4 protein chains.
Amino acid sequence: MGMGKYTGGDRKADNLARLRRVEGQIRGVQRMVEQDTYCIDVLTQVSAATKALQSFALELLNEHMATCVADAAAKGGAEADIKVKEASDAIARLVRS
Amino acid sequence: MGMGKYTGGDRKADNLARLRRVEGQIRGVQRMVEQDTYCIDVLTQVSAATKALQSFALELLNEHMATCVADAAAKGGAEADIKVKEASDAIARLVRS
Amino acid sequence: MGMGKYTGGDRKADNLARLRRVEGQIRGVQRMVEQDTYCIDVLTQVSAATKALQSFALELLNEHMATCVADAAAKGGAEADIKVKEASDAIARLVRS
Amino acid sequence: MGMGKYTGGDRKADNLARLRRVEGQIRGVQRMVEQDTYCIDVLTQVSAATKALQSFALELLNEHMATCVADAAAKGGAEADIKVKEASDAIARLVRS
């Protein structure tokens, strides 16, 4: 049931696969820099990797809200407030990054 | 308790005041353009207005999660899922705007 | 020829028209808040206004680079370096706002 | 003098070092996911990696403008226009990513 943890077999495997793709994109950018690829083409790949990271973050946040935040809100009390505040702060970091 | 509505006297007044400040910033940018102000100075003001709009959006989202989403989650059922999905979609729009 | 100024009749008129539309969007958001419109719908409009502001900034930056920065680079010297540095700083503010 | 290429020994080494740090951050996020780290902590690291990627992109763009774009502008003609347009498009992708 989560308990604020990042769980779920398929989801975990999916998320790891996404992160490995981003890692591959970053290594691809390194190769481009090593081979003196034209800056604009390097930037296009950096923008693609940034977008992939943001999509991953949004998916993770979505899961978190649908599980941890919703569970805490269902129980109510101080824990519910803490979870909402935490999620809001994480959203602000995402929007500003 | 909100029922998905944007309520609360003080908060409403605060939010309107913030929006009026952003409107004033946009009018300030118009005056700068009319007076042929140097582009870089215009851009600085546009960035400030954009940041103010994003802060307003984050504050509004925070209130929404602490009230509507938390209330719906406390009740559970399909409505809870809908509210979480709606909030996630709004967050994605903010992150991508 | 610009001289670092924001000039050009049509462009100026176009830019003012865009800013007035953004101002109208901000006033629209104020009306939504006054009428207790559902938060998610308010947020959608705030995201649209933010995107419109960013598009305006990108257009202005584009014009600036095609005129002031290019002119300064053509002349060379310290002024060219200053213009490029200024533009880079403005871009960083946009990306981070 | 660049000719649109990504050159310069120290800069290249610096940029590769930055990209390797981002790669390390992404692998760190993978470990967090594998170890079921709390979502909010994972998100904090994802935001940090996103910011690092954006800073890298801004630095690269800065170098590109100070070399390729400035060189092309100094020569003038169609090539100058193409370089400015290319840089503007890259900036738009960054702002929107």
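These legends describe close-up views of a predicted model. Local features need pLDDT of at least 70, side-chain atom pairs count only at pLDDT 80 or more, totals for chains, interfaces and linings use all residues, and side-chain values use heavy atoms, without hydrogens and water. Residues are numbered from 1 along each chain as its sequence is written, with chains lettered from A in the order in which they are written.

**View 1. Chain D superposes on chain A by a rotation of 180°.** The shift along the axis is 0.0 Å and the RMSD is 0.0 Å.

**View 2. Helix 2 (residues 39-75) and helix 3 (residues 77-96) of chain D cross at roughly 165°.** Helices are DSSP runs (H or I, at least four residues), numbered from the N terminus. Axes are lines fitted to C-alpha atoms over the stretch in contact, and angles run from 0 to 180 degrees between N-to-C directions. The two axes come within 8 Å. The helices are therefore roughly antiparallel (angles over 145 degrees). Contact means heavy atoms within 4.5 Å. Residues making the contact include D:Leu58, D:Leu61 and D:His64 of helix 2, and D:Val84, D:Ala87 and D:Ile91 of helix 3. By class, there are twelve nonpolar, two polar and four charged residues. Nonpolar covers Ala, Val, Leu, Ile, Met, Phe, Trp, Tyr, Cys and Pro; charged covers Asp, Glu, Lys and Arg; the others, Gly among them, are polar.

**View 3. Helix 2 (residues 39-75) of chain A packs against helix 3 (residues 78-96) of chain B.** Their axes come within 10 Å and cross at roughly 155°. This pair is also roughly antiparallel. Among the contact residues are A:Leu58, A:Leu61 and A:Met65 from chain A, and B:Ile91, B:Val95 and B:Arg96 from chain B. The contact has nine nonpolar, four polar and one charged residues.

**View 4. D:Glu23 lies in helix 1 (residues 9-34) of chain D.** Not counting residues up to four places away in sequence, D:Glu23 touches A:Glu23, A:Ile26, A:Arg27 and A:Gln30.

**View 5. A:Glu86 is found in helix 3 (residues 77-96) of chain A.** Leaving aside neighbours within four places in sequence, A:Glu86 is in contact with A:His64, D:Tyr38 and D:Ile40.

Methods. Least-squares fit on C-alpha atoms with pLDDT ≥ 70 in both. Helix = DSSP H or I, 4+ residues; strand = E, 2+ residues; numbered from the N terminus. Parallel < 35°, antiparallel > 145°, perpendicular 65-115°, else oblique.
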